[in-house]
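Keep the structure open beside you and try each task before you read its solution.

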Amino acid sequence: MTDPGFTQPCSADELRTLFLFEGLTSEQLAWLCREGHVEQHPPGLVFAEGEPALWCYVLLDGLLVLSRKVGTEDVEVIRSAQRGAYAGAFQAFLGDQVPQLYTASLRVPEPSRLFVLSSVAYSQMIHQWFPMAQHLLEGLFFNFQNTQQIIAQRERLLALGSLSAGLTHELNNPAAAAVRATSALRERVAGMRHKLGMIAAGRYDRVALETLIRLQEDAADRVPKARAVAPMEAADREDAVSDWLDDHGVADGWDLAPAFVQAGLDTGWLDHVAATVDAAYLAGALRWLAYTVETELLMNEIEDSTTRVSTLVAAAKQYSQLDRAPYQVVDVHDLLDSTLLLLGAKIGKGIRVVKEYDRALPEIPAYAGELNQVWTNLIDNAVSAMDGTGTLTVRTALDRDRVLVEFGDTGPGVPAEIRQRIFEPFFTTKPVGEGTGLGLDISWRIVVNKHHGDLRVESSPGDTRFKVWLPLAA
Ligand SMILES: Nc1ncnc2c1ncn2[C@@H]1O[C@H](COP(=O)(O)OP(=O)(O)OP(=O)(O)O)[C@@H](O)[C@H]1O
Ligand SMILES: [Mg+2]
């Protein structure tokens, strides 16, 4: 692969002019010239990412371009015409503590002169000439690596922390609603027991009781069929029912009206009751019917709340992938749905969530729990960019041999001048204490390194899209 350059004489005086060799003695510069050599390179590849790192290159004249493979593409990371710019086996002094492979590809887009030193000579030079610097550099290198790992773990915990805070909040509402509804139900049932006592005392005859029971069944049947009405309309209907009850001598009619209205029972139905029940019993019969309706409504509410609790618990289980294999074949929609559900509180009421799913997408092999992390980070960023109001669009599509998952937000966008930097670890525009700048770095590592996919952003004010591509096959 490596394009052999054309060897030229090496001059210690020329090396002396480079910032990189500042402070070296004439003997040391002469040693460099003896151990190394100068190459005139035609435009083209000098070394490729992933090959054994055998040589160190220093620019004397020309232009260096370093690029790294991202998915199937080469992305330029550095372009420099500065004399003394260097690339190659500069980690050789770490020996076998790290894999000695080129971490990027080096190209010269125009004819360039390079000073070249073998990794062995370079390592020997650092070791002998700068022993203390070697220890310091080693320390720096491994400290940085350690810090990165610890912070990544911490970030994972933070994500879990904010998630469980959100989950607690989400669970709290339906749980409290169920408790409230249960205690109201207890009261209504007590009221019905009391009424049953009065019935048993013999104030109603058999025919009247049968009529009442038929009406009760009818009322209970209507509850689940009632459609929800807007508050204004409900208020109007309650007024009408209240008036009707007043007109028919039912005391505290306003107290019963809301239940009848919620159950979809109107004055027409009340007329029907009045026509079937003896006027002497009307008030008692209506109160009994209202209890029936209320208990039905309360039981519905309890059912809804407890269903919501189980749904949330199921989503939390899906999200955390607690009882699943880390690597498995998944439907990305299941992952997206559980993440969106759990982030409900964080997303907030002011943000509209639009799902544009291509349900025909095939399942893909993936580290499901980690992909959930990616969605969480991207949604978190979108939500904070929109600052409370906007639209979050989650789209899925098939893009040739990859699945595309896109998160669109209507926030102000990522300014062009920082677009290159947002994936760097610790890069954040958020105030201290709010962002660590690791969300996108972690997402990048999960998508690109772990899944061999791709992660990119397209952004203009009001339309920002973070796109995640995942391969269909492992
Ligand atoms: N949807 C977006 N709209 C606008 N800017 C964004 C968006 N997503 C990310 N950014 C920018 O990228 C920066 C880096 O994002 P990243 O998720 O890595 O870190 P962070 O959100 O600042 O902090 P952390 O995620 O660790 O809490 C953000 O500070 C923000 O400036
Ligand atoms: Mg973030």
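A charge sits over a ring if NZ of Lys or CZ of Arg is within 6 Å of the ring centre and within 35 degrees of the ring normal. Keep in mind that this is a predicted model.

**Exercise 1.** Find the ring that has the charged end of Lys450 over it.

*Solution.* Start at Lys450 and look at its charged end, which sits over the ring of Tyr367. The distance to the centre of that ring is 4.4 Å.

**Exercise 2.** Decide how the rings of Trp31 and Trp129 are arranged.

*Solution.* Searching the whole structure gives 13 aromatic pairs. For Trp31 and Trp129, the ring centres are 5.1 Å apart and the planes meet at 65°, so this pair is edge-to-face. Now check accessibility. Trp31 has 15% relative accessibility and counts as buried, while Trp129, at 21%, is partly exposed. Finally, Trp31 and Trp129 form one aromatic cluster with Phe130.

**Exercise 3.** Classify the pair of Phe47 and Tyr57 and locate both residues.

*Solution.* First, the geometry: the ring centres of Phe47 and Tyr57 are 5.6 Å apart with planes at 35°, so the pair is tilted. Then the location: Phe47 is in strand E3 (residues 44-47) and Tyr57 in strand E4 (residues 55-61), so the pair ties together parts 10 residues apart in sequence. Last, both Phe47 and Tyr57 are buried.

Conventions
Residues are numbered from 1 along each chain as its sequence is written. Chains are lettered from A and ligands numbered from 1 in the order in which they are written. This is a predicted model: local features need pLDDT of at least 70, side-chain atom pairs count only at pLDDT 80 or more; totals for chains, interfaces and linings use all residues. Side-chain values use heavy atoms; hydrogens and water are left out. Rings of Phe, Tyr and Trp (its six-membered ring) pair if their centres lie within 6.5 Å; planes under 30 degrees apart count as stacked, over 60 as edge-to-face and the rest as tilted. Buried means under 20% relative accessible area, exposed over 50%, partly exposed in between (1.4 Å probe, protein chains only). Helices (H or I, at least four residues) and strands (E, at least two) are DSSP runs, numbered from the N terminus.
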